[in-house]
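Biologist: I have a model open and want to learn how to read it. Please take me through it feature by feature.

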Amino acid sequence: MKSFYIGSLHIKLPIVQGGMGVGISLSGLASAVANEGGIGVISCAGIGLLYHQKPADFLKDCIWGLKEELRKARAKSNGLIGINIMAALTNFSDMVRTAIQENVDFLFVGAGLPLDLPSYLTPDSKTKLVPIVSSSRAAKIICEKWKTNYNYLPDAIVVEGPKAGGHLGFKKDQIEDENFALEHILPEVVQIMVQYKDIKSIPVIAAGGIYSGQDIYRFIQLGASGVQMGTIFVTSEECDAPYAFKKTYIDSKQEDIIIIQSPVGMPGRAIRNEYINKIESGTEVPGSCPLHCIKTCDYQKSPYCIMKALYNSSKGNMKRGYAFAGSNAYLAKKISTVKEIISALKAEYEMAELKMI
Ligand SMILES: Cc1cc2nc3c(=O)[nH]c(=O)nc-3n(C[C@H](O)[C@H](O)[C@H](O)COP(=O)(O)O)c2cc1C
C-alpha cells in the first residue's frame, strides 16, 4: 500500500483507524494501529464517564480523560495519534483546545460542520485539522469558510459514506440510494479538493464499509489517498471495548445490522439486540438528562439517554445498551491482533493490485 503525506507528516500505512466512542477506541487500539504505521485515533465522546470522579463533573472529567488517554497512547507508541471530536458535543471547544494544547498530531471532526475549527489554532500549534464530511457540498462549504475567515484550508478531509458505523450524515432515505454511495461521493470530494491544489494539497480519505484490502484498492483507484476503517478494528485484541461488545459483532448476522434513529437527531447503524427491541416497542420511557452532552439531543422526546446506553455497552452491559457497527460487522469471525488484521489487508491489497496489472 502506498504511503502519503498530510502536510509534513508521513503516513506510512494509508489507514486511519476511525475514532469510536464511547470507550471503543482509546489508547489501546490507537497505539496498536499507530505502531503499524497508520493513524491511531482516540474518540473523546463520553470520555468523562470513563474517567468519572467524585464529585462528578462531566466536563472536567472529559478533559482529564482526554489527557490521560493521550499520555497512555504516547507511552505505547511513537507513531501518529489523532483525536476524534464530534462537533455536536456541548464541550466541543474544551476538547479541541485540550487536544491542541497537548500537541496531538490530528484532529478528526465530524457530526456537524466545524466552521470555526481553525480559530483554535495558536501560532505554534502543529495539530493537523481533518474534517469528516458526507457530501461534496459540505466539503466545499468548509473549505470556503475556512479560507475566507481564517486563511486556512483543511490538512486532509475524510469522506464518510452511508455504510459506516455509528451516526451517519445522511437522511434515512439516502442511506440505500446509489447516488449517495461512497463510490459516488468520493470522486466528487476529490474534484473539489483539486480546485485548491495550487494553494494546498488536501488528501482525501475514504470511509464507510471498507473491510478488505480489495476495498482499499478500489477506493484508492477512485482518488482516495488513504482509508478510514472502524468496524474491522473492533474485533481486535487491542480494541478497548470489552469482550461482550466484540462478541456482538462475531455473533451478528447481516440482517441484524440495522439503522436506528438516534436521540441526537441523526440515523445511526447498530446491531439489533434486546435493548433496541425495547426502544422500538416503546417500553423505554424518556428519562432525565444528567450530562447535557450533545447539542442536538432532544432529551425530553427521546426514550433513552444515548450516552448512558453507549457507556453501558462499553462496560459490557449489553442489556442496557447496544453496539454501533458498520454494515460489514457481520463479517467478523474471530478476535485477531491489529498486526494480523493489517497483514491480511496488505496481502489482499497486493492481490487486487496484481489482478489489475
Ligand atoms: C462502535 C463505533 C463507534 C463510532 N463512534 C464514532 C465517534 O465517536 N465519532 C465519529 O466521528 N465516528 C464514529 N464512528 C465512525 C467511525 O469512526 C468510522 O468512520 C466508520 O465506522 C467507518 O466505517 P466502517 O466502520 O465501516 O469501517 C463510530 C463507528 C463505530 C463502529
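Biologist: How far apart are the centres of domain 1 and domain 2?
Modeller: Domain bounds come from an automatic or database domain assignment. Here the centres of domain 1 and domain 2, taken over C-alpha atoms, lie 22 Å apart. Domain 1 covers 4-241 + 332-355, and domain 2 covers 244-324. This is a predicted model, where local features need pLDDT of at least 70 and side-chain atom pairs count only at pLDDT 80 or more, while totals for chains, interfaces and linings use all residues. Residues are numbered from 1 along each chain as its sequence is written, and side-chain values use heavy atoms, with hydrogens and water left out.

Biologist: How many residues of domain 1 are in contact with domain 2?
Modeller: Contact means heavy atoms within 4.5 Å. By that test, 38 residues of domain 1 touch 24 residues of domain 2.

Biologist: What area is buried between domain 1 and domain 2?
Modeller: Buried area is the accessible area (1.4 Å probe) that two parts lose on being put together, summed over both. Between these domains that is about 2600 Å², and carbon and sulfur atoms give 70% of it. On the domain 1 side, V22, L49 and H167 lose the most area to domain 2, together 22% of what that side buries.

Biologist: Which polar links are there between domain 1 and domain 2?
Modeller: A polar contact is a pair of N or O atoms within 3.5 Å; within protein, one must be able to donate a hydrogen and the other to accept it, and residues adjacent in sequence count only if both atoms are side-chain atoms. There are 13 residue pairs in polar contact between the domains, both residues at pLDDT 80 or more. The elements giving two or more residues to the domain 1 side are α2 (47-50), β9 (166-167) and α8 (231-234). Helices (H or I, at least four residues) and strands (E, at least two) are DSSP runs, numbered from the N terminus.

Biologist: How many salt bridges are there between domain 1 and domain 2?
Modeller: Side chains of opposite charge can pair when their charged atoms come close. A salt bridge is a side-chain nitrogen of Lys or Arg within 4 Å of a carboxyl oxygen of Asp or Glu. Between the domains the count is zero. The whole structure has nine. One joins E68 and R71, at 2.8 Å, N to O. Both belong to helix α3 (residues 58-76), and because they are three residues apart, about one helical turn separates them.

Biologist: Where is E36, and what does E36 contact?
Modeller: E36 is in the loop between α1 (27-35) and β4 (39-43). Leaving aside neighbours within four places in sequence, E36 contacts L13, V338, K339 and I342. The side chains of E36 and K339 make a polar contact of 3.2 Å.
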